[in-house]
Amino acid sequence: MIVAFPVAMPTMTKDGPSQTLDMVHGRMDGISRKTALALLQAGEGQLEPLLSAAQQMRARFKPGAITYSRKVFIPLTNLCRDYCGYCTFRRDPGETKAHTMFPDEVMEVVRAGERMGCTEALFSLGDKPEFAFPEMRETLRRLGYKSTLHYLEAMCEKVLRESSLLPHPNPGLMSAEWLERLARMAPSVGLMLETTSTRLLGKGAAHDNAPDKDPAKRLRVIEDAGRLKVPFTTGILIGIGETLEERVDTLIAIRDLHEKHGHIQEVIVQNFRAKPGTPMAAWPEPTRTDMLRTLAVARLIMPSMNIQAPPNLSDPHYADLLDGGINDWGGISPLTPDFINPEKPWPHIDELRQRTEAKGCELRQRLPVYSEFAAMSKARGGLLGERLAAYETSEIIRGAA
């Protein structure tokens with residue numbers, strides 16, 4: 001059973017929202033926690049002014065095109081030791097669709113993606129499955145690797161050596177040593193913070209029985225990435241039981257880490273979607289207004305950062321997400337499904353372009369590492385540096401669609 005928690009609201013003066021938005025216009029830094037809370041709890045009548053402020057902030061700090069990364073999605077293994085209340089990706093050994101990909105399977109997908117113009121190989125996988133399952137330890141032994149992270153590292157290197165794609169791994173918690181190792185084979189690494197709420201680790205909450213979702217551990221990984229100058233993708237998951245205060249605190253924690261280290265290339269604002277067969281199957285999903293308001297507040301908290309929202313989780317009205325001030329659609333695959341949300345297919349890239357243009361924006365393809373962060377990865381040298389140097393003269397890195 002998933003436990004509901006109350007959403008606490010900050011106190012507002014009678015004309016507080018209007019006064020707060022007036023303060024936002026013309027400022028160059030991010031808004032405060034108090035202001036963010038006030039804007040999140042503002043009434044429906046203040047939504048349009050809030051969205052307008054976010055769009056103006058995007059125009060000031062992120063002018064030009066809305067970007068996306070053309071990718072293949074590689075679910076290296078869906079065995080996982082965590083049991084999140086909303087997840088249908090993870091499996092136990094022996095369950096239907098439980099699978100660990102072999103190297104030939106990985107490269108078959110990579111080569112097919114290469115033929116379709118993809119530049120990113122997104123690796124997603126369960127967290128430390130060998131810690132929980134002897135079957136995974138045996139699979140790794142047969143493949144010749146000590147751990148899932150060793151296997152991931154080898155597959156990232158194989159993709160880098162044998163294709164034109166760039167790996168982007170999302171392996172869950174990892175040590176600073178592993179961050180450094182993966183960063184030699186991948187220009188960017190990802191880990192969703194999701195929330196800073198420790199309450200959601202409690203009995204019956206979204207992260208009950210999910211030890212790797214401890215916010216302190218995830219914040220440590222993001223901090224380590226900053227110290228090591230690894231371009232990093234992270235983000236929040238809204239609607240899983242967090243209060244508005246906790247939602248804002250999560251965004252501010254991300255902003256603070258980036259201000260300290262300058263390494264967070266992208267902040268994803270992802271909306272919870274209920275899935276049949278999970279403990280949260282009947283949990284209410286965030287509304288369109290809730291999503292737009294959160295996007296706009298994220299833009300105002302982090303005016304100069306790249307803000308992304310996945311279009312497939314807001315279909316068929318995903319173009320409205322642009323009204324919240326985002327400047328990126330994230331990874332879109334012309335080949336593989338979203339294995340985390342298989343019931344929500346990616347939009348066709350031609351359709352994505354049409355809907356983006358209908359909002360008065362241009363769509364451009366990018367690499368898995370944003371252009372302003374590529375130098376950070378290129379500095380590592382080796383094969384990765386050579387590949388990024390080659391992309392510097394390509395149409396993609398120069399912003400062609």
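Before going on I noted the ground rules: residues are numbered from 1 along each chain as its sequence is written, and side-chain values use heavy atoms, without hydrogens or water. Because the model is predicted, local features need pLDDT of at least 70 and side-chain atom pairs count only at pLDDT 80 or more, while totals for chains, interfaces and linings use all residues.

I then followed E8 to its partner, strand E1 (residues 66-77), which runs parallel to E8 and is joined to it by three bridges (pairing requires at least two DSSP bridges). In this pair, Ser 69 stands opposite Gly 331 of E8.

Next I turned to Asp 212, which lies in the loop between strand E4 (189-190) and helix H9 (215-227), and which counts as buried at 1% relative accessibility. Setting aside neighbours within four places in sequence, I listed its contacts (heavy atoms within 4.5 Å) as Arg 81, Asp 82, Asp 127, Lys 128, Leu 173 and Arg 218.

Last, I checked confidence: the protein chain averages a pLDDT (the predictor's confidence in each residue, from 0 to 100) of 93, and 92% of the residues score at least 70. Over residues 4-15, however, pLDDT stays under 50, and there the model has 23 contacts beyond four places in sequence.

Conventions. Helix = DSSP H or I, 4+ residues; strand = E, 2+ residues; numbered from the N terminus. Buried < 20%, exposed > 50% of the residue type's maximum accessible area, 1.4 Å probe, protein only.
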